[in-house]
Amino acid sequence: MYTARMNSPETPDTPPTTPDTPAPVQPAPRSSARMLELVFPKDLNGHGTAFGGFVLSMMDKAASMAAIRHCQGEVVTARMEAVDFHLPIRRGDAIALEAEVIHTGRTSMRVKVDVFRETLATGKQELATSGVFVFVAVDASGRPRPIVRG
Ligand SMILES: CC(C)(COP(=O)(O)OP(=O)(O)OC[C@H]1O[C@@H](n2cnc3c(N)ncnc32)[C@H](O)[C@@H]1OP(=O)(O)O)[C@@H](O)C(=O)NCCC(=O)NCCS
């Protein structure tokens with residue numbers, strides 16, 4: 001999982017930055033992606049909790065970004081599997097998504113996605129939904145292409 005690094009007394013080998021010495025550029029993670037979204041009234045079902053299709057679309061979006069980073073090109077969603085809704089996500093919650101490529105085939109990738117409901121005021125996060133998505137790397141014609149990482 002990608003974790004942003006920060007300058008602190010615990011990381012003495014990272015030189016402190018000043019306005020004259022810009023912070024070092026951190027490379028983007030290559031096989032994972034993180035997203036944060038707010039749940040608005042339009043995203044709710046009749047029970048007043050997040051509509052499953054809304055959560056799935058956010059998962060698809062986060063997973064596709066991890067897959068695009070991994071294969072360095074365009075992808076299509078081939079399969080959504082093993083999606084479990086553990087906890088309801090409430091109006092006003094934030095949803096924090098973490099997606100990571102867990103397996104690569106010749107042209108396909110399996111991406112695990114965890115969705116946490118977060119109470120923004122406290123920062124408390126709980127695993128609400130998890131699932132695995134399969135993406136296929138495609139060429140300009142939409143046909144599968146081998147994954148070659150540069
Ligand atoms: C996904 C798609 C490109 C696969 O094309 P295809 O001609 O069936 O491809 P192939 O049979 O050569 O399989 C290519 C790879 O995809 C995998 N794959 C294809 N369909 C799959 C499925 N339903 N579930 C899991 N993996 C699948 C194959 O296992 C293979 O993996 P590998 O190369 O790593 O071994 C094609 O079915 C497609 O375009 N589907 C529609 C995608 C779409 O519209 N998604 C929603 C919007 S993004």
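Start by selecting Ala33. Leaving aside neighbours within four places in sequence, Ala33 is in contact with Ala62, Met65, Ala66, Arg69 and Ala99. Contact here means that the C-beta atoms of two residues, placed from the backbone, lie within 7 Å.

A word on what is on screen. This is a predicted model, in which local features need pLDDT of at least 70, side-chain atom pairs count only at pLDDT 80 or more, and totals for chains, interfaces and linings use all residues. Residues are numbered from 1 along each chain as its sequence is written.

Stay on Ala33. It sits in strand 1, residues 32-38. Ala33 counts as buried because it has 24 C-beta neighbours inside 10 Å; the cut-off for buried is 20 or more other C-beta atoms within 10 Å of the residue's own, placed from the backbone.

Zoom out to the whole chain. Colour by secondary structure and follow β-α-β-β-β-β from the N terminus. That is 1 helix and 5 strands, taken as DSSP runs numbered from the N terminus (helices H or I, at least four residues; strands E, at least two). Of the 150 residues, 25% are buried.

Terms used
A residue is buried if 20 or more other C-beta atoms lie within 10 Å of its own, exposed if 12 or fewer, and partly exposed in between; C-beta atoms are placed from the backbone.
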